[in-house]
Amino acid sequence: HARYSDAADIYSTLIRCRPNDGDILHAHAASFLGRNKFRHAQRLWDEAYHLCPDHDGIALQRRKRDAYRTLQEHAEEEFNDEKDYKANTLVSQKCAGKGDHGNVGNMEEDDSLPGFFSYLNSTCFVTKPSQALLTPKECKQVIDWTEKEAQNRPGKGWTTDRHYDVPTTDLPVHEIPSLLPFFNDLLRCRLRPLLAKQFGE
């Protein structure tokens with residue numbers, strides 16, 4: 001955290017000299033993300049997008065923000081305090097899972113949360129086999145959506161270079177149109193409420 005803080009200070013100084021430098025603006029926002037200041041980082045990327053909409057890294061963050069609905073203007077206006085904002089987005093947000101998710105059906109607001117075992121003084125959680133986060137049918141559907149997308153990406157397929165220090169073979173969820181609505185509903189209806197239940201705000 002100390003190194004990210006130092007980096008943020010350096011980038012803030014550089015921005016005063018070069019306010020329209022996309023690389024500096026992008027790195028400045030990332031330095032706050034590294035300090036777990038997610039909301040502030042998103043705001044900085046949003047501001048940077050208006051200055052440098054063609055910067056690859058900034059444009060990517062904008063696409064991800066829109067895809068995952070991570071920055072909602074009405075929520076920011078209503079909740080001025082960071083604590084209240086987190087409580088709203090994690091706990092009180094209504095589940096809008098009314099979309100058509102093909103063979104797996106829809107998620108509703110009254111979906112029961114998965115049960116879990118707690119280990120290591122409540123620092124490790126494992127969902128119970130009988131109350132998993134996803135059903136076997138849902139897992140199969142997610143795999144099918146993803147493999148179909150990989151097959152339909154001409155000359156691309158699976159990505160292997162998204163993580164500099166931890167290379168993985170994967171696809172970003174926001175680049176799979178068939179999966180994205182299901183994933184957003186999963187976040188709202190199950191995953192975020194489950195995290196709030198486990199860890200609080």
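I looked up His 174 first: at 18% relative accessibility, it counts as buried (buried is under 20% relative accessible area, exposed over 50%, partly exposed in between, with a 1.4 Å probe and protein chains only). His 174 sits in the loop between helix 7 (136–151) and helix 8 (180–199). Leaving out residues up to four places away in sequence, I find it touching Leu 60, Lys 64, Ala 67, Tyr 68 and Leu 180; contact means heavy atoms within 4.5 Å.

Notes on the source: this is a predicted model, where local features need pLDDT of at least 70 and side-chain atom pairs count only at pLDDT 80 or more, while totals for chains, interfaces and linings use all residues. Residues are numbered from 1 along each chain as its sequence is written, and side-chain values use heavy atoms, with hydrogens and water left out.

Next I checked helix 3 (residues 38–51) against helix 4 (residues 56–68): their axes come within 9 Å and cross at roughly 120°. The two helices are therefore oblique to each other (under 35 degrees is roughly parallel, over 145 roughly antiparallel, 65 to 115 roughly perpendicular, the rest oblique). On the helix 3 side, the contact is made by Gln 42, Trp 45, Asp 46, Ala 48, Tyr 49 and His 50. Helix 4 brings Ile 58, Ala 59, Gln 61, Arg 62 and Arg 65. I sorted the contact residues into five nonpolar, three polar and three charged.

Last, I listed the buried residues of helix 3: Arg 39, Ala 41, Gln 42, Leu 44, Trp 45, Asp 46 and Ala 48.

Key. Axes fitted to C-alpha atoms, helices over the stretch in contact; angles between N-to-C directions. Helix = DSSP H or I, 4+ residues; strand = E, 2+ residues; numbered from the N terminus. Nonpolar A, V, L, I, M, F, W, Y, C, P; charged D, E, K, R; others polar.
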